Amino acid sequence: MTAVVPISWYLVLAAILFSTGVASFLIKRNLITVFMSIELMLNAVNLTFVAFAHMWHQVSGQIFVFFVMVVAAAESAVGLAIIIAIFRTRQTLNVDQVNLLKL
Amino acid sequence: MQLALFLIFGALAVAGAINFLLQRHPVNSALSLVVVMMSLAVLFWSLGAEFLAAAQVIVYSGAIMVLFVFVIMLLNAGEEERTHGSRAAYIAGFPGAAAIFCLLSFVFLTEGKSLGAAQLGGYLSHAVSNISQVSTLLFRDFLLPFEVTSVLILVAILGAVVLARKEQ
C-alpha cells in the first residue's frame, strides 16, 4: 500500500513545468500571459522546494515556499498595476509594441 | 495509492501546462493554470505539506488567479493575433527551453540513487499535521523575514494603488 515514489520523479515533473513556463514566456505575445508563465515557473520551483523538504524531513523548505507565495502575490499585484498603466497609455497588450525602452 | 496520486495529478499538471502553452486566449490560459495549481496542491498534500496545499489553493488559485482574470476582463484582452513570433524565440528559445529540461532531468535522474525515494505512506496514514512545525519555525527562527513580508505586502499594495490610479 505504501508505494514509494522516487523523489527524482517530482523533480522531473518540476523540470517539465519550469521549461513549459520558459517556453511560454518566450513565445507568448500577450503581457498578461507572459506574467502567468512567470507564476508557472514559480510553482515549479515550489514543487522542488517541497520535494526536498520532504526528502530531508525539514520544514525549512516549506517556509521558503511560503515566502515565495508571498513574494509572488506582491509581484503579481504590482505587475498587473503596471500592465494596467501600460494599457492606459499605449492601448495595447502586445509585447512587440511595448518598446519604449528600446534604443 | 500515493503512486497513483502522483501519476494522475502529475499528468494533469503537465496537461494543464501544455494547454496553457497552446491556448491563445488569456482566459483559457488562466483556467488551465488554475488546473496546474490545483494538481500541484494535491502533490504538496501527498508530500506531507498540508499547510502549503491549503495555501496553494487559497493564495494562488484563489487570490492571484482571480486577480489575473479580473485584469483580463478589465482590459478586455482578446485572442492574441497570430504572428510569426520573434525569430530569436525559435532559434534560441525552444532549444533553450528543451536544453533546460534535458539538463535538469539528466541531473535529477542520474542523482536519483543518492536522492532516494519519498516514503509517502507514513504521512497520509498517520495524519501527522505539520502546521505546528511550520508555525514554530516561522514564528521563532524566521520571525524577522515574516515581519518583513508584511512590509513588502504593504509597499506592494501602495505601489499598485499608485500605479493603477488614473492620471488627471
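Start by selecting the contact between the two chains in this predicted model: 83 residues of chain B and 71 residues of chain A take part. Between chain B and chain A, about 7000 Å² is buried, and carbon and sulfur atoms give 80% of that area.

Next, select B:Leu47, B:Phe68 and B:Leu75. In chain B, these lose the most area to chain A, and together they make up 10% of what that side buries.

Now colour the side of chain B that touches chain A by residue class. You will find 59 nonpolar, 20 polar and 4 charged residues there. How many salt bridges are there between chain B and chain A? The count is 0. Polar contacts between chain B and chain A come to 6 residue pairs, with both residues at pLDDT 80 or more.

Then select residues 50-75 of chain B, which form helix α3. With 13 residues, this helix gives the most to the side of chain B that touches chain A.

Stay on α3(B) and look along its length.

Finish at B:Asn76, which follows α3(B). The phi of B:Asn76 is positive, near 55°.

Definitions and conventions
Residues numbered from 1 in each chain as written. Chains lettered and ligands numbered in written order. Predicted model: local features only at pLDDT ≥ 70, side-chain atom pairs only at ≥ 80, totals over all residues. Heavy atoms only, no water. Contact = heavy atoms within 4.5 Å. Buried area = accessible area lost by both parts, 1.4 Å probe. Salt bridge = Lys/Arg side-chain N within 4 Å of Asp/Glu carboxyl O. Polar contact = N/O pair within 3.5 Å; in protein donor to acceptor, adjacent residues only side chain to side chain. Helix = DSSP H or I, 4+ residues; strand = E, 2+ residues; numbered from the N terminus. Nonpolar A, V, L, I, M, F, W, Y, C, P; charged D, E, K, R; others polar.
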